[in-house]
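Please read these numbered points with the structure open beside you.

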Amino acid sequence: MGWGFRKSVKIGGMRINFSKRGIGASVGVKGARFGVNSRGVYLSSGIPSTGLYSTQYLGGRKRNFRRRATSSPASEPPSPETWRSTLIGIAIISSAIFPVLLIITIPIATYFVFAPSEKAKRKLKKAQKLFNNAQYKETITLLEEGRTLDEKNQSIQRLLGFSYHNVGEFERALPLLKDALEKSPGNSQIQLLLANAYHKTGQHEKSLAIAQSIPEEYEQYIKAIQLIGDCFFSQKQYDLAIEAFKRAPLGNRNLDDDLKEVHYNLATIYEAAGNTKSALKHLKKIYSQDIAFRDVATRVKLLEVKK
């Protein structure tokens, strides 16, 4: 019993077949193909997944439906003339396929290079790197250009809101952050920035409503407490500010920067309310761990004199 050999390689939409009889090439889909091999140019049709197919050689005989063989008798190597005819056939098929591929590929490539929305995405990518390096003004320039190209890009809108907030342009940040929160409700980072923007523009009630909605288990909770206390302090509601700051875990022995800020703000409120003893208590707690924190060393000395 003789053994056969067959190997197929796909290049784009074309399949090139290698066998003991020579090289062949075909194009098409499952169940219908047009191709050329050592026997000539043919049309092949079949029933997918059954192994049944029929081949019609152009200008030649038709091969009826049959199952594909798993092996074939040994055959003579293809002659030079057969190789030449096969290669010419492949060239003809290729010349027909590649212009079609170019026609399809060029508009797609052009879209990804020149489409406004794609340009906007590239500007956003560059802006994100600038933002991560705290280059907020440069970030804003790129994002404004991107927003002009694609007004519906939500990622651009959100990062632009963050950037305006971080450079202190709170009026510009407000509508962008408000829209971002509507698109991502419950996002504590956006909530905190929006609440702070309201606070900085004197809209304390709106700021309080958002800051008070941030749950205790969220990472932004301590910062939310600071913001709530600041809102009350700005309105000289010292008792409410003190109650707000007391919600922080003041009993923690090791203070991170957020807790140091809470103690510092509490000291400021107590001092404004005339309670020097309590103010000094909170400042000393910071002083015992970080003498370089803001002006805590100077304030401790001044309050020690007042006491």
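Leaving aside neighbours within four places in sequence, which residues is Ile225 in contact with?

1. Ile225, in helix α8, is in contact with Ala244, Phe245, Arg247 and Ala248 once its neighbours within four places in sequence are left aside, where contact means heavy atoms within 4.5 Å. Helices (H or I, at least four residues) and strands (E, at least two) are DSSP runs, numbered from the N terminus. Ile225 counts as buried because its relative accessibility is 1%; buried means under 20% relative accessible area, exposed over 50% and partly exposed in between, with a 1.4 Å probe and protein chains only. From C-alpha to C-alpha, Ile225 lies 7.9 Å from Gln212, and the two are 13 residues apart in sequence.

2. A word on the source: this is a predicted model, in which local features need pLDDT of at least 70 and side-chain atom pairs count only at pLDDT 80 or more, while totals for chains, interfaces and linings use all residues. Residues are numbered from 1 along each chain as its sequence is written, and side-chain values use heavy atoms, with hydrogens and water left out.

3. For the chain as a whole, there are 12 helices and 7 strands, and 38% of its 307 residues count as buried. Among the contacts with a separation of 6 or more, 39% are between residues 24 or more positions apart.

4. Helix α4 (residues 154-166) has 13 residues and spans 19 Å from its first C-alpha to its last, close to the 18 Å expected at 1.5 Å a residue; the expected span is 1.5 Å times one less than the number of residues. Its N-terminal end is capped by Asn153, which has a side-chain oxygen 3.1 Å from the backbone nitrogen of Ser155, and after the helix comes Gly168, with a positive phi near 85 degrees. The buried residues of α4, among them Ile156, Leu160 and Phe162, pack against α2 (116-132), α3 (136-149), α5 (170-183) and α6.

5. Ser188 belongs to helix α6 (residues 188-200), and it counts as buried because its relative accessibility is 14%.

6. Ser207 is placed in helix α7 (residues 204-211) and is buried, with a relative accessibility of 0%. Apart from residues up to four places away in sequence, Ser207 touches Ala195, Asn196, Tyr198, His199, Leu227 and Cys231. Ser207 and Gln191 are 16 residues apart in sequence, and their C-alpha atoms are 9.2 Å apart in space.

7. The second largest pocket deserves a careful look, and its terms come first. On a 1 Å grid over the protein atoms alone, a pocket is an open set of points with protein on both sides within 12 Å along at least five of seven lines, and its lining residues have an atom within 4 Å of a point. The second largest pocket holds about 180 Å³ of space, a volume being the space filled by probe spheres set on the points, which are joined across faces, edges and corners. Its lining includes His165, Asn196, Leu227 and Glu261, and the elements that give two or more residues to this lining are α6, α8 (221-234) and α10 (257-272). The largest share, 4 residues, comes from α8.

8. Helix α10 has 16 residues and reaches 23 Å from first C-alpha to last, close to the 22 Å expected at 1.5 Å a residue. Asp256 caps its N-terminal end, with a side-chain oxygen 3.2 Å from the backbone nitrogen of Asp258, and Gly274, whose phi is positive and near 85 degrees, follows the helix. The buried residues of α10, including Glu261, Tyr264 and Ala267, pack against α8, α9 (238-245), α11 (276-287) and α12.

9. Arg299 is found in helix α12 (residues 296-306) and is buried, with a relative accessible area of 10%. Leaving out residues up to four places away in sequence, Arg299 touches Tyr264, Ala267, Thr268, Glu271 and Leu283. The side chains of Arg299 and Thr268 are joined by a polar contact of 3.1 Å, that is, a pair of N or O atoms within 3.5 Å; within protein, one must be able to donate a hydrogen and the other to accept it, and residues adjacent in sequence count only if both atoms are side-chain atoms.

Conventions: On a 1 Å grid over the protein atoms alone, a cavity is a set of points where a 1.4 Å probe fits but cannot get out, and a pocket is an open set with protein on both sides within 12 Å along at least five of seven lines; lining residues have an atom within 4 Å of a point.
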